[in-house]
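These are my notebook entries on one protein chain. I looked up its elements, its sheet, its core and its aromatic rings in turn.

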Amino acid sequence: MEGPGEDTVPTHGREAAKARRDALSAGERERVEQTVAVLLDILGKAHAMSVLKTLAFAEAPLRFSELETRLGVPSSTLSDRLKELMTAGLIHRESYSEVPPRVEYEATEKAQALFPAFGHLYRWAEAHRLDENGATSTPPTGETVGDNQ
């Protein structure tokens, strides 16, 4: 049940982000901003978002070789990203005592809480287009970038 005025509080966009930020105490705001900065540093590393996206859309845990094949990432880079994402508590590694050894990776609940961000990114990509160099190009429908905003 909504309280008085709650139905007018924005839930998305700049105003919602500003309202959320402004509602925090100074100490909590500093902690949250630090956490966001660390998260963006982790996710900004080469292929980190691709690893999480792949795990987000996978039906079951994935083996290292499956991730390597799906992503086309050098094994040393993939290994580094998996270690960093595990350290951050975003993925879980399960090792099985089999011959040959089997190791599987899956997203943790902490990472699953980030999955709605992929929906936002997909919606953004439907309305905007960037080429492989990051330059703006024409959307596939012939619209100009920003028409769907």
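The entries below record what I looked up, one topic at a time.

**Entry 1: the model.** I noted that this is a predicted model, in which local features need pLDDT of at least 70 and side-chain atom pairs count only at pLDDT 80 or more, while totals for chains, interfaces and linings use all residues. Residues are numbered from 1 along each chain as its sequence is written, and side-chain values use heavy atoms, with hydrogens and water left out.

**Entry 2: the elements.** I looked up the secondary structure and found seven helices and three strands in the protein chain. Helices (H or I, at least four residues) and strands (E, at least two) are DSSP runs, numbered from the N terminus. Along the sequence the pattern reads α-α-α-β-α-α-β-β-α-α. I then looked up burial: of the 149 residues of the protein chain, 21% count as buried. Buried means under 20% relative accessible area, exposed means over 50%, and partly exposed lies in between (1.4 Å probe, protein chains only).

**Entry 3: the sheet.** In which order do the strands of the open sheet stand? I found the order β1-β3-β2, with antiparallel pairing. β1 (62–63) and β2 are at the edges with a single partner strand each, so one side of each has no neighbour in the sheet. Two strands pair if DSSP finds at least two bridges between them. I recorded two bridges for the antiparallel pair β1 and β3, where Leu62 stands opposite Tyr105 of β3. Strand β2 (residues 91–96) and strand β3 (residues 102–107) also run antiparallel and are joined by six bridges. Ser95 has Val103 of β3 as its bridge partner, and Glu94 stands opposite Glu104 in β3. The hairpin from β2 to β3 passes through five residues.

I also looked up how enclosed β3 is. Five of its six residues are buried, so β3 is largely enclosed by the rest of the structure. Arg102 lies over the face of Tyr96, at 3.7 Å from the ring centre. A charge counts as sitting over a ring if NZ of Lys or CZ of Arg is within 6 Å of the ring centre and within 35 degrees of the ring normal.

**Entry 4: the core.** Which residues have the most contacts inside the largest nonpolar core? They are Leu52 and Leu67, in a core of 22 residues. At least two residues of this core come from each of α2 (26–43), α3, α4 (64–71), α5 (75–87) and β3. A nonpolar core is a set of buried Ala, Val, Leu, Ile, Met, Phe, Trp, Tyr and Cys residues joined through side-chain atoms within 4.5 Å. As background, nonpolar side chains tend to be buried together in soluble globular proteins.

I listed the neighbours of Leu67 next. Not counting residues up to four places away in sequence, Leu67 touches Thr54, Leu55, Leu62, Gly72, Leu78, Leu82 and Tyr105. Contact means heavy atoms within 4.5 Å.

**Entry 5: Arg70.** Is Arg70 buried or exposed? Arg70, in helix α4, is exposed, with a relative accessible area of 52%. Leaving aside neighbours within four places in sequence, Arg70 is in contact with Thr54, Ala58 and Leu62. The C-alpha atoms of Arg70 and Thr54 are separated by 7.9 Å, although the two are 16 residues apart along the chain.

**Entry 6: the aromatic rings.** I found three aromatic pairs in the structure. Rings of Phe, Tyr and Trp (its six-membered ring) pair if their centres lie within 6.5 Å; planes under 30 degrees apart count as stacked, over 60 as edge-to-face and the rest as tilted. The pair of Phe57 and Phe118 is tilted, at 6.4 Å centre to centre and 55° between the planes. Phe57 lies in helix α3 (residues 48–57) and Phe118 in helix α7 (residues 116–127), so this pair ties together parts that are 61 residues apart in sequence. The rings of Phe57 and Tyr122 have centres 5.9 Å apart and planes at 75°, so that pair is edge-to-face. Phe118 is buried, with a relative accessible area of 8%, whereas Tyr122 is partly exposed at 43%. Ring pairs link Phe57, Phe115, Phe118 and Tyr122 into a cluster.
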